[in-house]
Amino acid sequence: MHKHTCLCTKVHYHTKKLISIPFSFIYVLAFYPELLAWPLVHDSLIKEQVISTRSVSGISSSSKFFPTSRRIYKGLKDLGRKFVDQELFKRSLVDWVLENSCGDHVNREQPIFRSPFLIDELRKLDLALEGVLFQQLCRMPCSSYASKGVKEDEYLALEDFLHAIVNGLWRTFWRKSGPLPFFLSCFRHPGSKFYAVEKAISRGRLEEVHGLALISKNGNDLKVHWDQVVEFALFRKDILSGNELRLSASSISEALFYGVHVLISRSLSKSRTICSDSVFLMVFDSKFGAVVKLGGDLSKLELNTADPYQSVVQWIKCHAEVHVSSVDRIWNRLGNANWGDLGTLQVQLATFYSIIQWNGPPRKSIASLASDHSLRLQKRRIECRLAENQNAIVPYQQAGHQQGEIVELDHSDNPLIKNATRLKLQQGDILLLEDQLQGQKSFQIQETFIGGNYFLYGATSLDYPTHLLTLYVGAHPSRLEPSWEDMSLWYQVQRQTKVLNILKQQGISSKYLPEIIASGRILHSGPCNKQSPSGRCDHTWCGTPILVTYPVGEPLSYIVARDGPFSSDDALRCCRDCLAALRSAATANVQHGDISPENIIRVFDMQGTRKKFWYIPISWGRAVLEDRDSPAINLQFSSSHALQHGKLCPASDAESLVYLLFFICGGIMQQQDSIESALQWREKSWATRSIQQHLGEVSPLLKAFADYVDSLCGTPYPVDYDIWLKRLNGAVDGCGSADRGKMIEEVAVTLRLEDLAESSGISACGI
């Protein structure tokens, strides 16, 4: 019987193909139906493959959604016409819903209806949506201020709330631009036409409306069908069960009533564009909200034409899966949505899964966006620490151990052993470094740099005590996983060591780039029981990485805070020197990725007859070497492309340099609290040319450079460093200076003959 059913199905599907086949062959097929077996197997494999590629959490991947015979197809079509009495259905189902939603309090049994979402899913979504703007403009009316047209305002607020969710999710996970492939319409009863909320209000039919439906656009077809429903949002006067904070049985039954209609409409659809047998149904009142999920195989529905309602009820009880979430507050007392709370997160996750059912997996996953939380947390901690140290007499120092961690107590007299989990150094301390290439080297700490960065020190080599060096102390390898703060040290030490070594190996050296002096791991006092040269023992310092670079300087953030805005000459010199460094790195396809006042230092040359200084970009740990690398995210100084896409375009460093110049020249850098606000500030500043106008008051050349960068932002075109270095070199050194004709770049790379002509005239006056 089952085999015959499948045969009927495929004959129905392949009717068009059989029309062109000779009648004699059709006559043979009537006696030998096995000849049709190959298209059955072929189509089933294709369907299974399509469904499996769209299998995600919360969505069934083993759907048997489409009718399997003409009998079932006809039965479902007849059921769709007869299944219209909501009250009759609710009376047949409400007792079962009440029994499964309440549980047995006497025997302490939990309700059978499980939530459609795991708490971990909601937490990950919460982290992924950090910084995503969900703005509800229409407030939900408050009961204490209810007016005559309160229902109209409620539906307008519900529509605006759902639109904000759909638009925010689509722009975050699928496409940043382009038209939204969904819209919202209200409905009166199953099978009725869909109306816009404003149209229902103008026609006076709002009293008949039961809620809103998210509709998938169907090309240019303006007529909306029920098989285009993505998800349902029912709106009731009250959804609670008495005084308890749970969904009432009546609300669940009504949601299931419309859920069955959606599944029937999808199964009868001619387009068959959806590959899931479940639907999400949201239930709201003016305060609370919850989510109901209904799924199941309609081919198992045993239709009783005499009592279709009992047939559906029996199918729900025996073959369907019903999930009911907890009820939580959606709108506060002022009518604003509680974004980031459990109630709204459940609605957002239901909408997220519903969109996946229709449009496939997103371009960006929840997990990938949630992973950026650690970077945002790291930046916030650094900001808070810097702010605290600027206002406190005694610098803030984080506790040296985590809760529950066993701390090793070392009572030796060694002044370095101050903390069991973090290496804190004092002036006069001596470190012994094991460099794989240079052997053991000793360095003495001279000072701790300004800004509260306890991992950054000024030190001198015992072999050459006259040169002050920068010494970075990394985190112990065992602490990288539990401490995101220590991940910043990983970028400062291990990753920066890799980048500087790449530049060194390719023969790139310049006075405008930091030079790596030594790198390796600290050698602690006492016995070391490590099993191999690359291993480590149980000592809390064993394996701690160290990076030593040259030269040492003051960060621009400290200089501006102490001395105020830069002069025109200093700003031009800073721009010239930074571009020279970026040009040198670009020859090795390296981008800095973290241009900011903290990462540019001013270095003095005290050996000449006159006092000279230059500027050097440091902190190359977030440099971008290949496409998979992600730059640092700085709301004040990152490029627009980095904020939007998490990647750099060829002009991203130059754009960050423009923001840096704007800052050191006295421009007002507004504190941003989200990526959206940072992008809005950039868009407004470039559109009104406020950055160019401010830089123009300092130097016309800086204004021209800002205009040039503005033309490159977000494009694949690289920065022409040579032409701007020529102009800036002429403005900084002048034609009558002692450095006339001297090339500012000291890059030890092999140039082609055609490159010599381009790089030989960097001075504006020529040679």
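Start with a pair: helices α17 and α23 are roughly antiparallel to each other, a label given to angles over 145 degrees, while under 35 counts as roughly parallel, 65 to 115 as roughly perpendicular and the rest as oblique. Helix α17 covers residues 568-586 and helix α23 covers residues 721-733; their axes come within 9 Å and cross at roughly 150 degrees. Axes here are lines fitted to C-alpha atoms, for helices over the stretch in contact, with angles running from 0 to 180 degrees between N-to-C directions. The crossing of α17 and α23 is left-handed: the near helix is turned anticlockwise from the far one by less than a right angle, where clockwise would be right-handed.

Who meets whom? On the α17 side, the residues include L572, L579 and R583; on the α23 side, they include Y721, W724 and L728. Contact means heavy atoms within 4.5 Å.

Some ground rules. This is a predicted model: local features need pLDDT of at least 70, side-chain atom pairs count only at pLDDT 80 or more, and totals for chains, interfaces and linings use all residues. Residues are numbered from 1 along each chain as its sequence is written, and side-chain values use heavy atoms, leaving out hydrogens and water.

Now the whole chain. It has 24 helices and 18 strands; these are DSSP runs numbered from the N terminus, helices being H or I of at least four residues and strands E of at least two. Of the 767 residues, 50% are buried. Buried means under 20% relative accessible area, exposed over 50%, partly exposed in between, with a 1.4 Å probe and protein chains only.

Next, α20. Its buried residues are S677, A678, W681, R682, S685 and W686. They cover an arc of only 165 degrees around the axis, which puts them on the same side of α20. The arc is that of the directions from the helix axis to the C-beta atoms. On the other side of α20, E683, K684 and A687 are exposed. What do the buried residues of α20 pack against? They pack against α18, α19, α21 and α22. Just after α20, R689 takes a positive phi of about 60 degrees.

Last, α22. Here L701, L702, F705, A706, Y708, V709 and L712 are buried. They fall within an arc of 160 degrees seen down the axis, so they line one face of α22. Those buried residues pack against α17, α19, α20, α21 and α23. That brings our opening pair back in. Just after α22, G714 has a positive phi of about 80 degrees.
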